[in-house]
Amino acid sequence: MRDWEISRKFTVIFVCVIVVALSVLFCIGKKKEFSEQENRFLSSFPEFTWERLAEGEYTSEIGDYLADHFPFRDFFVGVKTGFEKAIGKKEVNNVYLAEDGYLIEKYKEPENTERIIRTFRNLKEKVEANVYLMLVPTASVIYSEKLPKGAPIKSQVDTMSKIYEESGCIPIQVLDALKLMRNEEKPLFYHTDHHWTTHGAYLAYQEFCAKLGFEPVAGLEEKVVSEDFKGTIYSKVNDYTRKGDQIVIFENPMQQLTVYYTDTGETTDSLYNYEYLGKKDQYSFFLNNIHPLVEITNQAASLDRELVLIKDSYANCMVPFLVNHYKKIYVVDTRYYKESVSELINQNLANTDVLLLYNMNTMDTDLGIGGIY
């Protein structure tokens with residue numbers, strides 16, 4: 001037998017052994033429900049019906065299940081990314097490998113804009129308080145010049161304008177402020193995560209103050225709490241050559257806080273949970289991850305006012321600025337808060353403001369928006 005035939009036979013046998021081994025591991029391995037690496041729940045085994053099979057829904061969900069629970073999945077994602085980088089690709093798993101070390105998610109054309117407008121408008125009509133709306137453009141807009149050459153840029157601006165105009169809420173525009181400061185030394189978005197940084201949130205906070213006539217708190221002390229944050233976008237590509245981000249907070253020693261998490265009954269005097277800095281999901285350091293309703297009291301607030309903040313996770317690192325002005329803030333995550341938000345607002349109407357804060361990248365698929373009523 002020729003050498004090349006022996007080599008080919010060996011390769012075939014080796015590949016077959018690997019495939020069988022991975023299949024066995026997949027069958028006997030314990031299936032995780034949550035991926036700490038990607039900070040999301042993994043697909044569960046789908047329920048079979050002939051109707052779902054005929055519509056293609058069952059086979060699609062089976063594909064998601066197999067992909068989520070494939071043995072050594074994170075390792076193979078990293079290998080795939082390394083190979084695609086080596087051949088010059090600038091997009092991996094719907095993530096652009098952008099300039100200056102940025103990983104920037106592709107922006108999908110929104111499908112639910114009309115529904116979102118109706119929801120915001122309905123809330124405004126149900127309450128008597130001033131309802132403010134802050135829509136946050138993402139890194140694909142603010143850092144568009146860092147995207148790979150030829151990358152299609154889908155505008156978020158037209159959608160933002162439409163929602164501002166038709167929702168009836170009082171708009172708080174942050175686009176221009178972010179674009180103006182995008183070339184400064186301090187990044188406004190993380191290189192490895194979809195969230196804005198504390199510096200980006202501070203610029204938006206200044207716009208909030210300008211709209212409401214508040215004086216922004218200045219001279220806050222910056223403190224670096226992490227040097228190796230690798231966020232959700234990093235987990236989509238597992239590019240092991242990427243450096244982690246800094247997480248920075250702005251400290252105000254004059255605050256006198258009581259933070260009450262209504263779902264767990266926990267009370268603390270801090271807006272931060274330092275335990276998360278030792279985990280993969282370091283962004284959850286802000287406001288202790290996900291809670292349906294958080295009640296924050298600041299006895300040293302500059303104003304005797306209250307705020308109902310209806311939000312996604314972008315708001316978590318902005319709350320430390322807002323507490324300087326409000327005696328009490330109700331932070332509502334309507335993905336998990338099952339009570340009526342309008343009733344919560346109307347029960348606390350004395351000197352109450354309402355702020356809707358959402359980012360443009362995930363707002364279209366945010367199931368919590370349907371719970372704003």
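1. A salt bridge is taken here as a side-chain nitrogen of Lys or Arg within 4 Å of a carboxyl oxygen of Asp or Glu. Lys 162 forms such a bridge with Glu 166, their closest N and O atoms being 3.0 Å apart, and the two residues lie four apart in helix H7, about one turn of the helix; helices are DSSP runs of H or I of at least four residues, strands runs of E of at least two, numbered from the N terminus. Glu 114, Lys 162 and Glu 166 are linked in a network of salt bridges.

2. The model is predicted, so that local features need pLDDT of at least 70 and side-chain atom pairs count only at pLDDT 80 or more, whereas totals for chains, interfaces and linings use all residues. Residues are numbered from 1 along each chain as its sequence is written, and side-chain values use heavy atoms, with hydrogens and water left out.

3. The structure holds 12 salt bridges, one of which joins Lys 106 to Glu 91 at 3.5 Å between the closest N and O atoms. Lys 106 lies in the loop between strand S5 (103-105) and H5, and Glu 91 in strand S3 (residues 91-92), so the pair ties together parts that are 15 residues apart in sequence.

4. Arg 335 and Asp 333 also meet through their side chains in a salt bridge (2.7 Å, N to O). Asp 333 is buried at 1% relative accessible area, while Arg 335 is partly exposed at 32% (buried is under 20%, exposed over 50%, partly exposed in between, with a 1.4 Å probe and protein chains only).
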